[in-house]
Amino acid sequence: MTSMFRSLAEPNYRKWFGGALVSNTGTWMQRTAQDWIVLTQLTDEDATALGITMALQLGPQLVLFPVAGTIADRFQRRRLLLITQILMGTMGLVLFVLTVTGAIQLWHVYLLALALGIVATVDNPARQTFVSELVGDSLVANAVSLNSASFNTARMLGPAVAGVLTAAIGASTVFLLSGLAFAGTVGVLLSLDRSRLQSPDARTRRAPGRGIMGGFRYLRTRPDIIVVLAVIFVVSTFGIKFNIFTATMARVEFGRDASAFGLLNSILAVGSLTGALLAARRDRPRLRTVFWAAGAFGAACAAASVMPNYWTFALTLTTLGLSSITMLTAANAYVQTTTPSGVRGRIMSIYAAVVLGGAPLGAPFAGWIADQFGPRAALGVGAAAGAVGILIGVVWMVSAKHMRVHYVRRSRRFIRLSYDGRKSKGRGSASPVRPEPEG
């Protein structure tokens with residue numbers, strides 16, 4: 001149990017963990033209330049409009065991620081985060097003013113979603129790579145998992161609180177609380193012991209390649225990271241559209257209210273939190289975990305799509321959350337722990353673009369499928385995405401890692417997988433923390 005929380009022994013990380021929990025809770029409250037008013041107040045249950053909102057919020061990742069990664073590698077990440085967190089909190093307060101005065105319109109939400117997406121594009125690689133400055137490379141994998149646990153604890157609390165408050169007194173109070181919640185992270189950033197931060201020096205920030213294209217040049221030497229990004233792109237673009245799944249299933253399929261919608265998101269987060277805590281127990285991330293988790297996600301989507309009522313659907317969401325966060329945490333930790341600090345911001349911005357940047361395609365597509373064929377069909381698309389993800393992984397393991405399946409007689413496991421011990425091209429000297437061999 002102690003090893004699961006070993007990063008919390010670092011005082012700076014303890015503060016960061018607590019502040020991030022508060023601000024993440026506010027973020028989930030804001031997203032839940034925003035999605036609900038788009039679906040029920042600003043439109044007539046239009047899932048396509050909900051998808052457009054998500055696309056505007058996540059779409060800037062596709063355009064600005066090379067610049068954001070370069071900024072994260074070249075400038076002090078603590079200062080960058082102070083700016084981005086203040087701006088994100090301000091946007092929540094703007095939503096509060098618009099809602100409480102009754103002036104809010106759909107285009108307001110669209111505009112603020114786009115602005116939030118631009119700021120979050122800069123915030124994401126800076127926040128991801130700031131973890132290594134708080135704990136050092138040896139604890140990055142554990143800290144990434146605990147960050148996921150914090151994020152999903154907030155995901156469990158935020159939607160439930162937002163659902164109850166929205167149903168009881170309206171969305172305006174939710175937006176006010178979410179805007180104020182970012183003050184938690186700002187306060188933590190101001191209180192950190194800067195002498196304990198393990199910030200890269202100017203020389204390290206310039207290596208291994210200068211400028212925006214340095215990340216892409218490095219990525220060409222890492223086919224293992226490229227295949228991870230391929231799996232994550234397929235599953236996140238067409239599968240991980242939880243707000244659309246839960247909102248449309250709650251409202252359209254089961255006829256429930258805002259509190260029931262918030263409860264579904266909280267139940268989903270229970271599985272995600274479990275997956276994050278299990279990941280925190282592992283010393284090193286493994287490629288095969290990413291692939292198997294993608295397949296499990298597809299199976300969970302298929303099961304959720306055929307559930308006959310609200311409560312059985314809610315039960316399957318725990319598996320959906322567990323498999324998705326296992327995949328994302330393993331991928332995030334693998335990429336971070338095998339990438340040099342001088343290019344880590346740019347690589348993590350590419351990673352964030354892959355995870356979030358598919359929204360302009362995936363979110364409207366999922367909303368359109370839900371509108372035209374029903375929410376269950378949208379979940380079916382998620383199941384197909386998971387199947388494609390594990391297929392990509394299996395092909396990689398067979399071709400690059402020479403995976404073989406052996407039948408073992410007189411064994412309880414019956415089958416055994418073997419792997420070639422050779423490393424893929426480019427991994428050797430670049431990895432500050434070497435991942436365990438795939439065996």
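Predicted model: local features only at pLDDT ≥ 70, side-chain atom pairs only at ≥ 80, totals over all residues.
1. What percentage of the 439 residues in the chain is buried? The figure is 56%. The accessible surface of the chain comes to about 17400 Å². Carbon and sulfur atoms account for 64% of that surface.

2. The secondary structure consists of 17 helices and 2 strands. Contacts can also be sorted by how far apart the two residues lie in sequence. Of the contacts with a separation of 6 or more, 84% join residues 24 or more positions apart.

3. Helix α1 covers residues 11-40, and N12 is one of its residues. Is N12 buried or exposed? N12 is buried, because its relative accessible area is 1%, and the cut-off for buried is under 20%. Setting aside residues up to four places away in sequence, N12 touches L134, L192, D193, R196 and L197.

4. T32 also lies in helix α1. With a relative accessible area of 5%, T32 is buried. Beyond its neighbours within four places in sequence, T32 is in contact with P159, A162 and F261. T32 and A160 are 128 residues apart in sequence, yet their C-alpha atoms are 8.9 Å apart in space.

5. I37 is another residue of helix α1. Its relative accessible area is 3%, so I37 counts as buried. Which residues does I37 touch, not counting those up to four places away in sequence? They are L42, T43, I104, A171 and F175.

6. A171 is found in helix α7, which covers residues 171-191. A171 is buried, with a relative accessible area of 7%. Leaving out residues up to four places away in sequence, A171 touches A33, I37, T99 and T166. From A171 to V100 the C-alpha distance is 8.4 Å, and the two are 71 residues apart along the chain.

7. The aromatic rings come next. The count is 10 aromatic pairs. One of them joins Y310 and W311: the centres are 4.9 Å apart and the planes stand at 90 degrees, which makes the pair edge-to-face. The two partners have unlike surroundings. Y310 is buried at 3% relative accessibility, whereas W311 is exposed at 52%. Ring pairs link F254, Y310, W311 and F313 into a cluster.

8. Arginine side chains also lie over ring faces. R256 lies over the face of Y310, at 4.3 Å from the ring centre. Y310 therefore counts as buried at 3% relative accessibility while also taking part in the edge-to-face pair with W311. Elsewhere, R31 lies over the face of W28, at 4.8 Å from the ring centre.

9. Helix α15 runs over residues 341-356.

10. Helix α17 covers residues 375-399 and has 25 residues. From first C-alpha to last it reaches 37 Å, close to the 36 Å expected at 1.5 Å a residue. Buried residues in α17 include P375, A378, L379, G382 and A383. Further along the helix, G389, G393, W396 and M397 are among the buried ones.

11. The UniProt record, an unreviewed entry, places the feature "transmembrane region" at residues 80-98, 160-190, 225-246, 258-278, 290-307, 313-335, 347-370 and 376-400. Two of these spans can be set beside the model. Residues 80-98 are 100% helix and 0% strand, with end C-alpha atoms 28 Å apart. Residues 258-278 are likewise 100% helix and 0% strand, and their end C-alpha atoms lie 31 Å apart.

Technical notes
Residues numbered from 1 in each chain as written. Heavy atoms only, no water. Helix = DSSP H or I, 4+ residues; strand = E, 2+ residues; numbered from the N terminus. Expected span 1.5 Å × (residues − 1). Buried < 20%, exposed > 50% of the residue type's maximum accessible area, 1.4 Å probe, protein only. Contact = heavy atoms within 4.5 Å. Phe/Tyr/Trp six-rings, centres within 6.5 Å; stacked < 30°, edge-to-face > 60°. Lys NZ or Arg CZ within 6 Å of the ring centre and 35° of its normal. UniProt positions renumbered as here; feature names shortened; annotations may be inferred. Areas by Shrake-Rupley, 256 points an atom, 1.4 Å probe, with all protein chains shown as cover.
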